[in-house]
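Keep the viewer open while reading.

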Amino acid sequence: MAASLTILPDPPAPPTPVGLIAGGGRLPILVAQGLIDLGHTVHGLGLSKQYERELPAMCASFRDVGILRVGSWGRALRASGVRHAVMVGKVDKARLMHDRWNLVRNIPDTRTLVGWFKHLRHDKRSHAVLRAIAEELDRAGVSLIDSTAPIPDQLAEPGVMTARQPTPEQAADVRFAWPLLNELLRLDIGQSLTVRERDVISVEGVEGTDRMIERTGQLCRRIGWSLVKGARAEHDRRSDVPTVGIATIENLYAAGGRCLAIASGDVIMLDRNRMIERADELGISILGVAAPTDVPGETPAAPAIALEPKPVAAPV
């Protein structure tokens, strides 16, 4: 039975105060800048010991908050007049677990404990955690919105995005792997797999994409394999949107991968223009795949692969 579609609130029209619940990495920086460019005032909540140093200066107000104190997030945002928020960024568990003072700061509050007991005792997958957080924020009067809304220019587009073209063999591998990826996503196992000559090399599990890339390089010593990555059907775009970046490209190159195929409109490309430039420097093709609509109960068809780069407008 197909999962029910999550209906997200529409992003507010600017100028409106918008909250930013930020973990680590470049994504919260890009989202903050996107919100500012749209004319919003950004009120930040930085997850303790996780967020980047430059983020507070980009926000009209900023507060360091405990990761496991979700009850305080909604109260802090509402105190700033916020009714809509975006939640993005990574959480480094090592920084959380090996700093004893940070552990004290992150003792769960009552609302987090109630949410864990109600939602997460038997299901700790990412979308279950998100659902519990969204419910608690809704209780405080704050709605989480689509985390990609402020950064449409950072999403993958259909077609070849690099000057470097995939080889016919790589294009055939992507066609072969895409229906398998859709099934992997449907089963909520992982977001990526690697393939060469129609042989699946690795499937992403809990270790994440970068470690899967490293594992693939150890298993396949031949250069030229492909990585395919997407998002499950009806993916909740309020958080945990599949993301790639320059580090992905460099890890791919080091491990012998030479083609990256990602779901257009569903995968974030951090610093997209720089990422494409770096891929061309390293001889890696990046392909956005517009997957066909899944038919319930049937194996999704292989996508059509466009093998021509987008035309570049001539300078005026």
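How many contacts beyond four places in sequence does the model have for residues 1-5, where pLDDT stays under 50? The model has three such contacts for residues 1-5. This is a predicted model, and confidence is the place to start. Across the chain, pLDDT averages 84. A score of at least 70 is reached by 77% of the residues.

Now the backbone. The peptide bond from Pro-14 to Pro-15 is cis. Its omega is near -5 degrees. Pro-15 sits in the segment before strand E1 (17-22). Arg-198 is not a glycine, yet its phi is positive, at about 65 degrees. Its place is the loop between strand E7 (192-196) and strand E8 (199-203).

Next, the aromatic rings. A pair of aromatic rings is described by the distance of the centres and the angle of the planes. The structure holds one aromatic pair. Its members are Tyr-51 and Phe-62, with ring centres 4.8 Å apart. Their planes stand at 70 degrees, so the pair is edge-to-face; the cut-off for that class is over 60 degrees. The pair links distant parts of the chain, 11 residues apart. Tyr-51 is in the loop between strand E2 (41-47) and helix H2 (55-58). Phe-62 belongs to strand E3 (residues 61-65).

Start with helix H9 (residues 209-219) and helix H10 (residues 246-255). Their axes come within 8 Å and cross at roughly 10 degrees. That angle makes H9 roughly parallel to H10, because angles under 35 degrees count as roughly parallel. H9 passes H10 in a right-handed crossing. From H9, the contact uses Asp-210, Ile-213 and Gly-217. From H10, it uses Thr-248, Asn-251, Leu-252 and Ala-255. By class, the residues of this H9 contact with H10 are three nonpolar, three polar and one charged.

H10 also packs with helix H11 (residues 272-282), their axes coming within 9 Å. The crossing angle is roughly 15 degrees. H10 and H11 are therefore roughly parallel to each other. H10 passes H11 in a right-handed crossing. On the H10 side, Ile-246, Ile-249, Glu-250 and Tyr-253 take part. They meet Arg-274, Met-275, Arg-278, Ala-279 and Leu-282 in H11. What is the class make-up of the contact of H10 with H11? The contact has six nonpolar and three charged residues, with no polar ones.

Technical notes. Residues numbered from 1 in each chain as written. Predicted model: local features only at pLDDT ≥ 70, side-chain atom pairs only at ≥ 80, totals over all residues. Heavy atoms only, no water. Axes fitted to C-alpha atoms, helices over the stretch in contact; angles between N-to-C directions. Helix = DSSP H or I, 4+ residues; strand = E, 2+ residues; numbered from the N terminus. Parallel < 35°, antiparallel > 145°, perpendicular 65-115°, else oblique. Left-handed = near helix turned anticlockwise from the far one by under 90°. Contact = heavy atoms within 4.5 Å. Nonpolar A, V, L, I, M, F, W, Y, C, P; charged D, E, K, R; others polar. pLDDT = per-residue confidence, 0-100. Phe/Tyr/Trp six-rings, centres within 6.5 Å; stacked < 30°, edge-to-face > 60°.
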